[in-house]
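I opened this entry to record what I looked up in the structure.

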Amino acid sequence: MHHPSGAPDDDSDALFGLDALGPEPAETGQRPSFRISAAARRLLPVREIYAEPAAAASPRGRQISARFPDARMTTVDSHWRIPGLHGNEGNVDRWVRVKGETLVLGEKKTLTTRPNGRSADWIAPGASNGCAMACAYCYVPRRKGYANPITVFTNIDRIIAHVGRHVARQGRKPEPNQCDPEAWVYDIGENGDCSVDALICDNTADLVNAFRQWPTAKASFATKFVNPDLLALDPRGRTRVRFSVMPGDDARLLDVRTSPVAERIGAAADFLDAGYEVHFNLSPVVLRPGWQDAWTELLTHLDDVLPRRVKEQAAAEVIMLTHNQDLHEVNLGWHPRAEDVLWRPDLQQAKRSENGALNVRYRNQVKAEAVQTLRTLIDHHAPWLRVRYAF
Ligand code: SF4
């Protein structure tokens with residue numbers, strides 16, 4: 001974990017994080033569980049759990065509450081719109097802190113798998129929603145009014161059964177595409193970070209194990225957090241981890257509470273050796289003075305430190321920054337320096353979405369040129385890195 005200068009101080013959570021976790025059941029693997037470490041406690045010093053009654057009573061819900069015995073448990077009718085938690089007002093000051101101190105337990109009611117075609121063939125229903133990290137550009141909190149701690153869905157068995165039926169219905173993938181030459185790829189972490197979820201409970205492990213049995217499918221998730229506990233799983237090539245990377249200076253400013261980029265890159269070989277496929281998300285690409293040099297340095301670093309076996313199977317998604325006016329205003333309240341680089345009306349164009357939100361992205365011409373520049377930089381400095389798509 002790192003604490004960027006200029007970003008909100010989230011060190012203070014260490015003060016009351018020390019006793020936040022209960023005893024861990026006996027571990028079976030050789031390495032001690034990371035989720036009981038001081039670093040995990042700093043990221044997730046859970047003090048407060050809001051739970052739907054059925055979620056609290058479920059085996060997964062009980063597993064989670066047993067891990068945080070000192071947390072105060074409050075029953076809620078629905079995991080959405082919890083008064084005093086969700087919503088913008090009054091929470092901006094505590095936004096980052098709420099993310100680590102609060103968990104919500106709910107049941108995922110609507111199980112749908114949506115076609116995607118870009119990052120993955122399909123978006124599976126996620127086993128969580130929300131994140132304990134606080135990337136300044138993150139779109140995940142928008143739907144919950146920005147104060148957005150992790151909601152864990154405890155009905156993981158139903159989620160997995162749903163995905164299993166979907167996989168069975170598809171049969172074999174008829175032809176290769178950029179998502180994967182053979183397998184149907186299912187994104188399992190659209191609205192959160194599966195590596196962080198694995199600090200809380202076994203939902204991520206259950207999904208990784210499930211995909212191991214499905215030879216026509218592959219799980220995929222993007223992450224900004226290195227959780228060594230995932231190395232103890234046995235994915236047998238059926239889970240793709242996409243480590244998100246960006247230049248270190250940008251990450252220190254924008255990727256609040258995440259693992260440092262060099263640590264994510266440094267973990268790639270370990271994840272490959274543990275049986276994961278390892279890809280990279282070059283995202284978001286933030287256009288600011290000097291971005292070309294910064295990305296050159298990052299690509300050179302990837303080329304220098306990654307072993308050949310990682311390079312041979314690696315591929316990348318390139319995703320240009322999108323932003324949002326409401327998020328811009330929230331960020332001005334807690335992390336204004338991030339907005340110096342994220343909010344660039346001179347380079348961006350706005351588009352009102354169906355729900356009325358004003359989303360911004362780089363103007364077509366600016367974006368096309370930047371994508372071309374980045375592709376050229378990749379060709380020069382990391383020619384082994386196949387770009388699956390750039391958007
Ligand atoms: S790690 Fe991902 S989900 Fe979490 S705050 Fe950052 S961008 Fe959002």
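I note that the model is a predicted one.

Entry on the sheet. I looked up V285 and found that V285 stands opposite M320 in β14. I then turned to the strands β13 and β14: β13 covers residues 277–285 and β14 covers residues 315–320. The two run parallel, and four bridges join them. I traced the sheet as a whole and recorded eight strands in the order β4-β5-β9-β10-β11-β13-β14-β18. This sheet is open, and its pairing is mixed. Its edge strands are β4 (114–115) and β18 (386–390), each of which pairs on one side only.

Entry on the helix pair. I examined helix α12 (residues 291–305) against helix α16 (residues 364–381). Their axes come within 9 Å and cross at roughly 35°, and the crossing is right-handed. From α12, I listed Q292, W295, T296, L299, T300 and D303; these meet T373, L374, L377, I378 and H381 in α16. Sorted by class, the contact of α12 with α16 holds five nonpolar, five polar and one charged residues.

Entry on the ligand. Which residues are around the ligand? I found C131, M133, A134, C135, C138, V140, G192, D193, K224 and T258.

Definitions and conventions. Residues numbered from 1 in each chain as written. Predicted model: local features only at pLDDT ≥ 70, side-chain atom pairs only at ≥ 80, totals over all residues. Near = placed C-beta within 6 Å. Pairing = 2+ DSSP bridges. Axes fitted to C-alpha atoms, helices over the stretch in contact; angles between N-to-C directions. Left-handed = near helix turned anticlockwise from the far one by under 90°. Contact = placed C-beta atoms within 7 Å. Nonpolar A, V, L, I, M, F, W, Y, C, P; charged D, E, K, R; others polar.
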